[in-house]
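Dear colleague,

Here is the structure I promised to pass on. My notes on it follow below.

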Amino acid sequence: MLNQVLRYHPSPLILLAGKETRLAEELTSALMGAGFRVVLAHDERDTLDKAQSHHPHGIVLDAGLAPPGYGLCGTLRSVSLGTPIVLTCRGQPTRDQTLEAVRAGAWDFRGTPLDTEEFIARLEAFIEPKLELDRVSENSLVDRISGLYNHLGLAKRADELAGLATRYGLALACMVFRPADRRPSRTTSDRLALTFKSIGRSSDAVGRTGPAEFAVFAPANNSWAAAQLAHRLTDRAILSGNGIDVRSGYSAASPAHKIAANTLLARARSALEASEVAEP
C-alpha cells in the first residue's frame, strides 16, 4: 500500500497534534520511517494555524488536546475539507465516544497502546484518495468555489509579480485576511471567498490560501500603502460579507530589497497572528 500511496506524492505530510510527548515521538518515528513528513502541533491554536498553512494530507489528533467533546475535530473538518482525521486517546474509546467522534468528522478513533504498523496501514488507506484528489487539483490553479487563485495558483502568480518587481525596481506587498471567528463554518468561508472575488483589484493577485484564509499580492505598494489597502479591503470585506468580521496582516518589500513571495506571505501571516494575540 505504501508504494501505491507514494506514487501520488513522494512524501505525504501528516499533522500530528497532541500533548502526549511519548506518543508523538513514537508516531513521528514510525511515520517518518514509513516515508511521511511530519509537522507537530501542541495546542488548539497551533493545530488550526498549521492545518491552514501547511495543507497536510492527513491529521492525527489527540482527542484530549481541546476538551470537552470533539469540537476541534469538527473545526478541522471545516477548515481542511477532504483531509482524513484520525483521533487518538489514552486507553480504548467506548462505542459512544467513537460515534461522537465520527459524527464530528473523524475517519477513525484509535486508543493506546497503538499497533503502529496497523495504524500506519490504515492511515495510508485513508490518505490515498486525498492524494489523488490533490493530484487532480494541481492541474487547476483556481479555487472551484470562488474563482480566486488557489494556493498553488497564487504561489505561481506571486512569484511572477516578485520577479517583475525586482526587474523594474518596484515595491511589493502581501496582505493576509482571515475571519475573526477561528472556527468558521464552511458556508461562512465560501461566502467570504466570493466576497474577496468581488472586491479584489484587477492589478493585484488575490487567492484563497486556505479554506478560510485569503491573500493579496499588490505590486508597487510599500508598507504605508499596504497598511491602507489592508484596512480598505478589511472594511469592504466586512461590509460586503454581511457582517463577517475580518482580521488582516501585511508585509511589504521596498524596491531596494529583493524578497521571495513566500517570505512576504509568511511575514504577513506572522503580522496577522501577532495582532490577534495582542487583542484583549
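Aspartate 190 is buried, at 15% relative accessibility; buried means under 20% relative accessible area, exposed over 50%, and partly exposed in between, with a 1.4 Å probe and protein chains only. Its salt-bridge partner is arginine 208, with the closest N and O atoms 2.8 Å apart. A salt bridge here is a side-chain nitrogen of Lys or Arg within 4 Å of a carboxyl oxygen of Asp or Glu. Because arginine 208 lies in strand S7 (residues 205-210) and aspartate 190 in helix H8 (residues 186-199), the pair ties together parts that are 18 residues apart in sequence. Helices (H or I, at least four residues) and strands (E, at least two) are DSSP runs, numbered from the N terminus. Arginine 208 is buried as well, with a relative accessible area of 8%.

Before the rest, a word on the source. This is a predicted model, in which local features need pLDDT of at least 70 and side-chain atom pairs count only at pLDDT 80 or more, while totals for chains, interfaces and linings use all residues. Residues are numbered from 1 along each chain as its sequence is written, and side-chain values use heavy atoms, with hydrogens and water left out.

Other salt bridges

The structure holds 15 salt bridges. Side chains of opposite charge can pair when their charged atoms come close. One of the bridges joins arginine 110 and glutamate 118, at 3.1 Å from N to O. Glutamate 118 is partly exposed, at 31% relative accessibility. Another links the side chains of arginine 247 and aspartate 245, with an N to O distance of 2.8 Å.

The parallel sheet

Five strands form an open sheet with parallel pairing, in the order S2-S1-S3-S4-S5. Two strands count as paired if DSSP finds at least two bridges between them. Strand S2 (37-41) and strand S5 (108-111) are at the edges with a single partner strand each, so one side of each has no neighbour in the sheet. On average, neighbouring strands of this sheet are turned by 20° against each other, direction ignored. Axes are lines fitted to C-alpha atoms, for helices over the stretch in contact, and angles run from 0 to 180 degrees between N-to-C directions.

Helix H3 (residues 44-54) packs on this sheet and touches strand S1 (13-17) and S2; the direction of H3 makes about 145° with that of S2. Contact means heavy atoms within 4.5 Å.

Strand S4 (residues 85-89) pairs with S5 in the parallel sense over 4 bridges. Across this pairing, valine 86 stands opposite aspartate 108 in S5, and threonine 88 stands opposite arginine 110 in S5. That arginine 110 is the residue in the salt bridge with glutamate 118. S4, helix H5 (residues 95-104) and S5 make a right-handed β-α-β unit; right-handed means that, with the strands pointing away from the viewer, the path from the first strand over the helix to the second runs clockwise.

In helix H4 (residues 71-79), the residues Leu72, Cys73, Thr75, Leu76, Ser78 and Val79 are buried. H3, strand S3 (58-62), S4 and H5 are among what covers them.

The antiparallel sheet

Four strands form an open sheet with antiparallel pairing, in the order S7-S8-S6-S9. S7 and strand S9 (246-253) are the edge strands, and each pairs on one side only. S7 and strand S8 (residues 213-219) run antiparallel and are joined by 5 bridges.

Isoleucine 238 lies in H9 (residues 223-240) and is partly exposed, at 28% relative accessibility. Not counting residues up to four places away in sequence, isoleucine 238 touches Gly243, Ile244, Asp245 and Val246. The C-alpha atoms of isoleucine 238 and threonine 88 are separated by 38 Å, and the two residues are 150 residues apart along the chain.

Regards
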